[in-house]
Every structure is written in structure tokens, then in C-alpha cells.
Amino acid sequence: MSTMPVAALQRHRVNRVSNFAYENVTRPIDLDSLADVACWSKFHFSRVFADHLRESPLRFLWRLRLERAARSLVHLPEDSVTDVALNSGFSSSQTFSKTFRQRFNMSPRAFRSGALEEPDLPRAMSEFKTALCWPEVYTPLLTRAHVPVRIEERPDYRVAYIRQIGPYFGAYCGIQDTFGRLEAWARARGIWDAETAAVGVCPDHSAITPPERCRYDAGIIVSEEMREDEVVSIQTVRAGLYAVFPIACEDVKLDNVWEWFTSVWLPASGYTREFLPSYEFYPAARGRPVTARNGVELCVRLRTDLAPQTD
């Protein structure tokens, strides 16, 4: 029998369910299938899930589908609104349009076109539709014609992580504190050394997901023998084709770099992103804090079926 505290067991299962929902949001999953992933009755699951995430499982699923659709409207301009609706898990474009308007206070077409006359234009659209300039401090070093982005296959990473839910950036961002807790946990087990690589999984978009709902998993790569405990959960960051952007910058600038990478470089590259979690890869720590100032690789999963043709 496990001696792990009940709260930790519940947290692991809720994390597992939320990861499953994100990766399978386009499938016809419902409350029963989510409860099955948690290995609980749907009534117990619904209560525990809402206690941990402060929203019901079905509302969480509804939000994920709308947020995927919002990103698809901008990143997949060749797809019709109906295609976006069906590919985001909605049963019809009519249902999608109604729920999209409830969430974003505008129609999907107005969101896509950036209808600037709308008084309640979400921050998402202004950030998606504006051609963001390369942060001023880096202009002498790089130009848009010469950015050291690599297109490469990345392996699976088995990651022990602590999940933070809250803003990715700004005064209330707790990511560095979360990495500090992770480091203390790893040092106590003798698995934090000069070769330790850290991974920050960031499945949400700070311009689409409400800041208080954004998930960030601060993790380190671990062996198959490592198990979940009262501090860390375990997940696998999936292998695949990634655009990898190595950069060293102040933490406060990382938001700008991410936006430039995904909103300017990526569309111009001819590649299309896959809606699986992006992540930040921090190479061997070498005793230094996990921070963008010490170097980070921004990794965005790409669709192989829509890769640009090369000669």
C-alpha cells in the first residue's frame, strides 16, 4: 500500500488527466473517459479535479478546445472556420461559433481578421496579429534573415516535474521559485549535478489562456527508476520534429522572445506548429540557477505533414 499523502496522489492523477485532455482534446472525450484516466468514479473525480484546479473537468475541456481553436484560427490561416471547429473537438461550426463568441466576445472570423474596431479585442489578437519587433537589445546580434533556429528531431524526455499554475511572466510569476523547489528536491536525492538538464513545459499561451490558468511544469530529466512522490509528478515529453531556438537573455525578455519566435519567425519559416506542448530546455546546469540568462533552448513541436518542400 502506498504511503504517499492523499493530496499528492490526487495531484498526480489530476495532472495526468489534464495532460491527457490536452493531448486528446480533438477526440470525443467526455467526463467518463477523463474519470477512467484518473481511475476514479466520475463523481469523486469531478470533486477532486475541481478542488485542485478550481474549475470542473468539463469546463476545463471546453476551455482547452476553445483555446486550441483560437490558436488555430491564427496559425492555420488556410483552414476554414468549420475545419478549425471540427479539428478542435466541436461537433459543428454552429456550436463552435456560439461558444467562441461567449468566450472571446467576438466571432471566430472577427478574431481571425483582427477586427480592430471591436471594443473588447482580446490581448491575444493584438499579440498574434502584430509583427513583433526583435527585442532592441538583440538587434545588433541577429537579424530576421539570420536567426540560429535548428530544425531537428528531439528524443523522448522522461521528466520529474512540479507544476505551477499562474502567470508565465510578470511580478506574480513563480517559475523561478518552482525551479528552486525542484532543485532542492533533486539535490536531496543526489541527482542534481553539473550534467543535470532542466525542462520547462509550457502548454498554454499567455495571450489566450487566462494568466491564473496557465500551466508550467518545471522538471528535470530522470531515469526509468524514478517514481512519483510527495513532491514531483512524472511525465514524458514526446519525441518529434522541433524548431529549436537557443538564446541567452534576461528572464523579463523571454516573453518577447517567445512571441517573436512563434508569431514572426515561425510563420515566415514555412513550418506549421503542432498543438502539443512547447518547452524550454535548459542544458546542463553546471551548478548555475535554471534561468534564461544562463542559456535556454525554446522548442516548438512542428507538423511533419505540413513541412515545407526543399529542393
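Q: How many aromatic pairs does a search of the whole structure find?
A: Rings of Phe, Tyr and Trp (its six-membered ring) pair if their centres lie within 6.5 Å. Planes under 30 degrees apart count as stacked, over 60 as edge-to-face, and the rest as tilted. The search of the whole structure finds 18 such pairs. This is a predicted model: local features need pLDDT of at least 70, side-chain atom pairs count only at pLDDT 80 or more, and totals for chains, interfaces and linings use all residues. Residues are numbered from 1 along each chain as its sequence is written, and side-chain values use heavy atoms, leaving out hydrogens and water.

Q: Which kind of pair do Tyr242 and Tyr279 make?
A: Their ring centres are 5.3 Å apart and their planes stand at 65°, so the pair is edge-to-face. Tyr242 lies in strand β6 (residues 240-247) and Tyr279 in strand β7 (residues 278-282), so the pair ties together parts 37 residues apart in sequence. Strands here are DSSP runs of E, at least two residues; helices are runs of H or I, at least four; both are numbered from the N terminus.

Q: Are Tyr242 and Tyr279 buried or exposed?
A: Buried means under 20% relative accessible area, exposed over 50%, and partly exposed in between (1.4 Å probe, protein chains only). Tyr242 is buried, and Tyr279 is buried too.

Q: Which residues do ring pairs link into a cluster?
A: The cluster holds Phe90, Phe96, Phe100, Phe104 and Phe111.

Q: What is the order of the strands in the open sheet?
A: Strands of a sheet pair through backbone hydrogen bonds, either parallel or antiparallel. Two strands count as paired if DSSP finds at least two bridges between them. Here 8 strands run in the order β1-β6-β8-β7-β3-β4-β2-β5, with antiparallel pairing. β1 (150-154) and β5 (233-237) stand at the edges with a single partner strand each, so one side of each has no neighbour in the sheet.

Q: How many bridges join β3 and β4?
A: Strand β3 (residues 198-202) and strand β4 (residues 215-221) pair in the antiparallel sense over 4 bridges. Ala198 has Ile220 in β4 as its bridge partner.

Q: Where is the kink in helix α10 centred?
A: The bend at a residue is the angle between axes fitted to the seven residues ending there and the seven starting there. Helix α10 (residues 254-269) has a kink of about 30°, centred on Phe261. The helix is mostly covered, with 12 of its 16 residues buried. Among them are Trp258, Trp260, Phe261 and Trp265. Gly270 follows α10, and its phi is positive, near 90°.
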